[in-house]
Structures are given as structure tokens and as C-alpha cells.
Amino acid sequence: MGKNFASQEIADSLGEHLYDNINTTWCLKIIDNEVVNFGAIIEKPKFILFNYAYTSPEFRGKGFYTQNILAREEYLRYNKCSKEIRALCTDMSINIMKKLGYIEKSKRGKYTWVRKML
């Protein structure tokens, strides 16, 4: 992930800086040795949080966000995770999440919480 953790551009896009810890697994899309898309799986005591989803502007609209969600779901299935998945969505991602079977849980300002059981 390298420079992505310190990037102000990415922090501004996400609305927060990236953090990593022992409970976080990262799914990356790498093209020509550059991370162009990423998303985190954060294991919480009662649920799984999908967080920090980002695609570099020049790679948006190519399905990488959707592929990343599906890859994270597959990782959880492979590891036999039975916890509910939760994610905080923006206007850019809510329709994709709904198409992938996530349902709205609540709204907080411009953000929407969604959830899904695998």
C-alpha cells in the first residue's frame, strides 16, 4: 500500500486517513506495479466492516470497485466467515452495493450504512 497511507488526495476522497492493524486484510488491484484500487476487510467482534474502498481516478468506471467487493466477499467465504458484512457508502458506491445484494441499514448525513450476510 506504501504511499497510499500518506496520500492527502486519498484521505480527502475517503473523508479520513487510512489505518492498518492486525484485524485488517487488504485487497488490492495492481497494474504495472502500481496500486490502482484497494479495499479493506476489518474484523470487528460482531461484524465485518468493508472500509477504505478507493480507485485511482484514471481507473474509475472500469469495474474495479465491484471486483474488489466481490474479491473481499470471496475471501470471507473461503475463510468460512459467518459474520454480517457492513459498509458505509457514499453516493458513488450505494447503487453498486445494492446491485450486489446489500440492503440499507441507516443513513448518516451523506453516508448510508449497508449490510449483507453471505
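Biologist: Let me begin with the strands: through how many residues does a hairpin join S2 to S3?

Modeller: First, a word on the basis. This is a predicted model, in which local features need pLDDT of at least 70 and side-chain atom pairs count only at pLDDT 80 or more, whereas totals for chains, interfaces and linings use all residues. Residues are numbered from 1 along each chain as its sequence is written, and side-chain values use heavy atoms, with hydrogens and water left out. Helices (H or I, at least four residues) and strands (E, at least two) are DSSP runs, numbered from the N terminus. As to the hairpin, 3 residues link S2 to S3.

Biologist: How is strand pairing read, and in what order do the strands of the sheet stand?

Modeller: Two strands pair if DSSP finds at least two bridges between them. Here 6 strands make an open sheet with mixed pairing, in the order S1-S2-S3-S4-S6-S5. Strand S1 (24–31) and strand S5 (103–108) are at the edges with a single partner strand each, so one side of each has no neighbour in the sheet. From one strand to the next, the twist averages 20 degrees.

Biologist: Which strands run antiparallel to S2 (residues 34–43), and which strand runs parallel to S3?

Modeller: S1 is antiparallel to S2 and joined to it by 8 bridges; within this pair, Ile30 stands opposite Val35. S3 is also antiparallel to S2, through 6 bridges, and Asn37 has Thr55 of S3 as its bridge partner. S4 runs parallel to S3, with 4 bridges between them; Phe47 is there partnered by Glu84 of S4.

Biologist: Which strands does helix H2 lie across, and at what angle to S2 does it run?

Modeller: An axis is a line fitted to C-alpha atoms, for helices over the stretch in contact, and angles run from 0 to 180 degrees between N-to-C directions. Contact means heavy atoms within 4.5 Å. H2 lies across S1, S2, S3, S4 and strand S6 (111–116), at about 40 degrees to S2.

Biologist: How should I read a nonpolar core, and how many residues has the largest one?

Modeller: In soluble globular proteins, nonpolar side chains tend to be buried together. A nonpolar core is a set of buried Ala, Val, Leu, Ile, Met, Phe, Trp, Tyr and Cys residues joined through side-chain atoms within 4.5 Å. Buried means under 20% relative accessible area, exposed over 50%, and partly exposed in between (1.4 Å probe, protein chains only). The largest core here has 15 residues, and those with the most contacts inside it are Phe50, Ile69, Met97, Tyr102 and Val114. Strand S3 (47–55), helix H2 (64–78), strand S4 (84–89) and helix H3 (94–99) are the elements that give two or more residues to this core. Another core, of 12 residues, lies apart from it and includes Ile10, Leu14, Trp26 and Phe38.

Biologist: Is Ile85 buried or exposed, and what does it touch?

Modeller: Ile85, in strand S4, counts as buried at 0% relative accessibility. Beyond four places in sequence, its contacts include Ile48, Phe50, Tyr102 and Val114. Between Ile85 and Tyr102, 17 residues apart along the chain, the C-alpha separation is 8.8 Å.

Biologist: Which residues have a positive phi without being glycine?

Modeller: Tyr52 is one of them, with phi near 55 degrees; Lys80 is another, at about 55 degrees. Tyr52 is in strand S3 and counts as buried, at 7% relative accessibility. Lys80 is in the loop between H2 and S4 and counts as exposed, at 71%.

Biologist: Finally, how is a pocket read, and how much space lies in the largest one?

Modeller: Rolling a probe the size of a water molecule over the atoms shows where empty space is left. On a 1 Å grid over the protein atoms alone, a cavity is a set of points where a 1.4 Å probe fits but cannot get out, while a pocket is an open set with protein on both sides within 12 Å along at least five of seven lines; lining residues have an atom within 4 Å of a point. Grid points are joined across faces, edges and corners, and a volume is the space filled by probe spheres set on the points. The largest pocket holds about 760 Å³. It is lined by 32 residues, of which Leu14, Ala53, Tyr65, Thr90 and Ser93 are the closest to its centre. S3 gives the largest share of the lining, 7 residues. Of the 9 residues of S3, 8 are buried, so this strand is largely enclosed by the rest of the structure.
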